[in-house]
Amino acid sequence: MKAIVYTQYGSPDVLRLEEVAKPTPKPDQVLVKVHATSINAADSLFLKGESAMVRLMAGGLNRPKQTILGSDVAGIVESVGAAVTQFKPGDAVLGDLSNAGFGGLAEYVAMPETYLTLKPDAVRFEDAAAIPLAGVTALQGVRDKGQVQAGQQVLIYGASGGVGVYLVQIAKAYGAVVTAVCSTGKVEMVRGLGADHVIDYTKEDFLQSGQQYDVILAANGYRPITDYQRALKPGGTYVMVGGKMTQIFQAMLLGPFLSMTGNKKMTNLMAKSNAQDLAVLADMLATGKLKPIIDQCYPLSQAADAFRYLVQGHARGKVVIQVAA
Ligand SMILES: NC(=O)c1ccc[n+]([C@@H]2O[C@H](COP(=O)([O-])OP(=O)(O)OC[C@H]3O[C@@H](n4cnc5c(N)ncnc54)[C@H](OP(=O)(O)O)[C@@H]3O)[C@@H](O)[C@H]2O)c1
């Protein structure tokens, strides 16, 4: 089968379209013929392998052990292992390999059934592939970490990227009054997703108005943790979803201290993929409560270009890769 392979850390230039062995599913695995996949910040991180910590997560200090990236897949079940109970050949599915060794940038992938759900018939493979990791992250951010309730004031910082576009829609589905932060060119798109208020970060600082929020979800939130703390109502919750290493360390090290010493909860999210949450998202897709947002779509042979676009950090929703016609 054809796959996008990398055998050394580096820029998208190290990605190669190669012929590799088609995987054989283990007893608990499903073999999926991949129709479409989408790429995420996690793929870029493992591609670059800039720190020892990331390299260990990718399985190798000197070179990656998992040589095929790609966590999001939408496709058709080709065959199933003997212990698989939920799926059969011919089922159209979507899945998330972020906790299962990646491998979606290929014509076939073998994966546990616990990271798959059925794709709604009316949803295109490209649209389904735009959901899994970013959608699960957004769902767990809004529902579990943020515990967003109807009527609450929710700020979403970095609302226009892969995760942000789903944070806005899911927070709205939970009945929140959403204020979204993005740049000028994306204001109308984010408003179209249902945001009640939009702050253009190139023109206005979100702290300027003095508005306070019940929940702040920061997807691309390149601000000090204390800025978010200031913008929270007493009893409010900040969830660091993504950003640079500074935001991650501040949320992990300073967050527990600030939460203990103040009356605001400063926390972070580590999304955990699972079939139940994928099924919730598939249902939201089928009923129109969640709209896939796709910026660019590339053929598998141009996956390196897709990464070049994503790593610029300004994608408008998701970057999708078509694997099968
Ligand atoms: N916690 C978890 O489990 C988890 C899971 C998945 C992803 N993540 C993390 O979540 C983060 C976001 O992922 P993503 O897929 O949304 O990334 P992405 O698609 O690459 O994000 C691109 C978006 O970021 C916006 N952006 C860039 N600089 C910004 C700034 N200074 N202020 C506000 N927005 C800015 C861009 O908008 P403009 O062009 O308008 O600036 C663009 O729309 C990443 O750090 C990723 O690692 C975490």
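1. This is a predicted model. The domain assignment divides the protein into domain 1, made up of 2-131 + 292-322, and domain 2, covering 134-268. Between the centres of domain 1 and domain 2, taken over C-alpha atoms, lie 28 Å. To the contact between them, domain 1 brings 11 residues and domain 2 brings 14 residues.

2. Domain 1 and domain 2 bury about 950 Å² between them, and carbon and sulfur atoms account for 55% of that area. On the side of domain 1, Ile131, Ile293 and Arg316 provide 49% of the area buried against domain 2, more than any other three residues. How many salt bridges are there between domain 1 and domain 2? The count is zero.

3. Helix α8 takes in residues 245-261. Its 17 residues should span 24 Å because each residue is taken at 1.5 Å, and the end C-alpha atoms, 23 Å apart, agree with this.

4. Where in α8 does the kink lie? A kink of about 45 degrees is found at leucine 254, shortly before proline 256.

5. The buried residues of α8 include Gln247, Ala251, Gly255 and Leu258. In general, residues three or four places apart in an α-helix point the same way, because the helix has 3.6 residues a turn. Among the elements that cover the buried residues of α8 are α7 (225-230), β12 (232-240) and β13 (265-268).

Definitions and conventions:
Residues numbered from 1 in each chain as written. Predicted model: local features only at pLDDT ≥ 70, side-chain atom pairs only at ≥ 80, totals over all residues. Heavy atoms only, no water. Helix = DSSP H or I, 4+ residues; strand = E, 2+ residues; numbered from the N terminus. Expected span 1.5 Å × (residues − 1). Bend = angle between axes of the 7 residues up to and from the residue. Buried < 20%, exposed > 50% of the residue type's maximum accessible area, 1.4 Å probe, protein only. Contact = heavy atoms within 4.5 Å. Domains from an automatic or database assignment. Buried area = accessible area lost by both parts, 1.4 Å probe. Salt bridge = Lys/Arg side-chain N within 4 Å of Asp/Glu carboxyl O.
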